[in-house]
Amino acid sequence: MPDSLPADSVGLVSPTLLSIDKPITLECGRELPHYELIYETYGTLNKAKSNAILICHALSGDHHAAGFHSIEDKKPGWWDSAIGPGKAIDTTNFFVVCLNNLGGCKGSTGPTSINPETNQPYGPDFPIVTVSDWVKSQTILADHLGITQWAAVVGGSLGGMQALQWAITYPERLRHVLLIATAPKLSAQNIAFNEVARTAIKSDPDFHDGYYAQYNTLPRQGLGLARMLGHITYLSDIAMGEKFGRELRTGILNYDYGVDFQVESYLRYQSSSFVERFDANTYLLMTKALDYFDPAQECGGDLAKTFAPIQAKALVMSFTSDWRFSPERSHEIVNALLSNGNNVTYAEIDAHQGHDAFLMPIPRYLEIMTTYMQRVAQECTEQ
Amino acid sequence: MSLRLDLQIISDWIPDGARVLDLGCDDGSLLKALQQRGVTGYGLEIDNSKFADCIKAGVNVIQADLDQGLPQFADQSFDFVILSQTLQAINHPDFLLEEIVRVGKQGIIGFPNFGHWQCRVQLALGGHMPISRTLPNAWFNTPNIHLCTVQDFENLCQSKAISILNRSIVNHAHKDTLGTRLLPNLFGQIALYQIKKS
């Protein structure tokens, strides 16, 4: 337990719950008559309301992006390396908003919420929400906060897809978009990984077709496997090699089928802690939202045409060892923006951490983001 | 801050409001200077160590490997494509030259002239690869893998049906002298060309 919080932390934070009674029609055709969104904010909204930054979270993220909920917390929010006073997304300049997406399991309405029609948790009956649905629900939050235009919408991975969708669907509502380790759509290989994860969850005997809450159980084995698989693909071969090598847990081979290597122990620990804090139905839903994202589909696959409405200036970043959202996928985004003549900056960060690099304090990455955000901050005062 | 002299010459060749692509834009200083005259466009750079400078200067910089050509850009989509002091470090300079005049209505190319008399003397009499102010590296650690002379460059342009619209061949202080005017391939250290597809 830390005696005091770090000086560059946003400090102790607490979430706010927004209850929305205006129905939202989802892309799948279904409607949620009522829903809640949980969010956190850091920093102060200026008088002109021109300094707001929206942070969009990735698959297993939530609204707690920075700071601590309690002095007892061992870890800060998931993107504390980038958000805080004096950090890349400097909370002395910006009013930072981060919400748990619809369909999540950390406080916004999702599969673990009570379905008013049945008085039971929605479970698998919760509608599949898409990236477009998320962005739509995020506009409701923006309206509630009185933010007509974000200084920037920022996201990595699945969060980057939301940021991209913002720039396409609501071009006047953001001045900058930061697209980090993301893609304009998933590749077949990516969808395949997601399908293995879903199969692991659904084939767990405790899954009960998604109604595990009614059976007072959790598909721990399946969700754990899904997380293990995900974790492997978010790291690189080099990163795992550096972290674990072939180090043995007890120094000797046991000649049984238990844990011999440190990497096995690490994966088991990661998966067992994950299953206690994350909902399996939400995991299924998030992977579907990833698979379905393909904004260019409406334009016959023509990404430049899809991006035609985009007005926001873009900073695109990728990481050399990221093989789930490889630099080539960022090139597709950048090339489409270039062919439209948009303002875009693109950096390919040398990093061995794989896809997870976007959450790491990599000096060059943070230097570029910091400098970019300083310009965004300058513009806010000019607004 | 004043521009490096070769960049100043290039800047003088570019009219206000032009759309440019700066290949190997380094810290973005040329584009920054050009922006003050309403020039827009992008800088391409393989090394991101000076990206913060580019961003500070408000320059759109794209990390890209010029050895891959310019496939991301459409034909004739820029008024000028600039390649300054980089041609000699490219794997396939002939291919990049074609790309430059494909993407740009005009190209501006600057390179160190390997035909300068000092280079010739060092090789002919000294028997070693030339080292000079414009070519400071030893043969084994130089990024300059495709050095050429003024004559070589002009021959390449001719063989690729590229016309030379303008040239400025100067000494290391970027001054033109009697020597650089009369015998540019012998007395010129820096060569700058304005070219287009014939």
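With 18 C-beta neighbours inside 10 Å, K49(A) counts as partly exposed; a residue is buried if 20 or more other C-beta atoms lie within 10 Å of its own, exposed if 12 or fewer, and partly exposed in between, with C-beta atoms placed from the backbone. This is a predicted model, in which local features need pLDDT of at least 70 and side-chain atom pairs count only at pLDDT 80 or more, while totals for chains, interfaces and linings use all residues. Residues are numbered from 1 along each chain as its sequence is written, and chains are lettered from A and ligands numbered from 1 in the order in which they are written.

**Loop residues**

- K49(A) is found in the loop between strand 4 (35-42) and strand 5 (52-56) of chain A; helices (H or I, at least four residues) and strands (E, at least two) are DSSP runs, numbered from the N terminus.
- The phi angle of K49(A) is near 55 degrees, a positive value in a residue other than glycine.
- In chain B, H174(B) lies in the loop between strand 6 (162-170) and helix 7 (178-182), and its phi is near 60 degrees, again positive in a residue other than glycine.
- H174(B) has 16 other C-beta atoms within 10 Å and is therefore partly exposed.
- D176(B) is located in the loop between strand 6 and helix 7 of chain B and, with 15 C-beta neighbours inside 10 Å, is partly exposed.
- Leaving aside neighbours within four places in sequence, D176(B) is in contact with V170(B) and R181(B), where contact requires C-beta atoms, placed from the backbone, to lie within 7 Å.
- From D176(B) to N155(B) the C-alpha to C-alpha distance is 22 Å, at a sequence separation of 21 residues.

**Contact between the chains**

- Chain B contributes 14 residues to the contact and chain A contributes 16 residues.
- On the side of chain B that touches chain A, helix 3 (51-56) and strand 3 (61-63) of chain B each supply at least two residues.
- Helix 3 of chain B gives the most to that side, with 4 residues.
- The residues on this side of chain B comprise 8 nonpolar, 5 polar and 1 charged; Ala, Val, Leu, Ile, Met, Phe, Trp, Tyr, Cys and Pro count as nonpolar, Asp, Glu, Lys and Arg as charged, and the others, Gly among them, as polar.

**Nonpolar core**

- The largest nonpolar core has 158 residues, and those with the most contacts inside it are I53(A) and V177(A); such a core is a set of buried Ala, Val, Leu, Ile, Met, Phe, Trp, Tyr and Cys residues joined through C-beta atoms within 7 Å.
- Beyond four places in sequence, the contacts of V177(A) include A152(A), V153(A), W166(A) and A312(A).

**Strand 4 of chain B**

- Strand 4 (residues 78-84) of chain B is largely enclosed by the rest of the structure, because 6 of its 7 residues are buried.
- Strand 1 (residues 19-23) of chain B runs parallel to strand 4 of chain B and is joined to it by 4 bridges; two strands pair if DSSP finds at least two bridges between them.
- V20(B) has F80(B) as its bridge partner in strand 4 of chain B.
- Strand 4 and strand 5 (residues 104-112) of chain B pair in the parallel sense over 6 bridges, and I82(B) stands opposite I108(B) in strand 5 of chain B.

**Helix 4 of chain A**

- The buried residues of helix 4 (residues 220-234) of chain A include L223(A), L225(A), R227(A) and Y234(A).
- These buried residues pack against helix 3 (188-202), helix 6 (262-277) and helix 7 (280-292) of chain A.

Technical notes:
Two residues are in contact if their C-beta atoms, placed from the backbone, lie within 7 Å. The expected span of a helix is 1.5 Å times one less than its number of residues.
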